[in-house]
Amino acid sequence: MLIDRTQIAEPWAVRVDDACRLTGLGRTTIYELMRSGRLRSVKVGRARLIDRASLRTLIGG
């Protein structure tokens, strides 16, 4: 059975640990990038979510 990739949705935002895994950057670097405004993020409850488009822009993808 073939999977149609157009039907697989990516999350719009990821947690810090996922951002580290996706970019290969460390937690401290991710937090510094958020603090400087280079990564857009929002706080939802206790979770900090990073905009996935912001990650793509950061790594040039």
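A salt bridge here is a side-chain nitrogen of Lys or Arg within 4 Å of a carboxyl oxygen of Asp or Glu. This is a predicted model: local features need pLDDT of at least 70, side-chain atom pairs count only at pLDDT 80 or more, and totals for chains, interfaces and linings use all residues. Numbering starts from 1 along each chain as its sequence is written, and side-chain values use heavy atoms, without hydrogens and water.

Salt bridges, then. The whole structure has five. Arg56 pairs with Glu10 at 2.4 Å, N to O. Arg56 sits in helix α3 and Glu10 in the segment before β1, so the pair ties together parts 46 residues apart in sequence. Helices (H or I, at least four residues) and strands (E, at least two) are DSSP runs, numbered from the N terminus. Arg52 also bridges to Glu10, with the closest N and O atoms 3.4 Å apart.

How accessible is Arg52? Arg52 is buried, at 16% relative accessible area. Buried means under 20%, exposed over 50%, partly exposed in between (1.4 Å probe, protein chains only). Glu10 is partly exposed at 42%.

Now α2. Which of its residues are buried? Ile30, Leu33 and Met34. They cover an arc of only 100 degrees around the axis, so they share one side of α2. That arc is taken from the directions from the helix axis to the C-beta atoms. On the other side, Thr28 and Arg35 are exposed. The buried residues pack against α1, β2, β3 and α3. After α2 comes Gly37, with a positive phi near 90 degrees.

Technical notes: Contact means heavy atoms within 4.5 Å.
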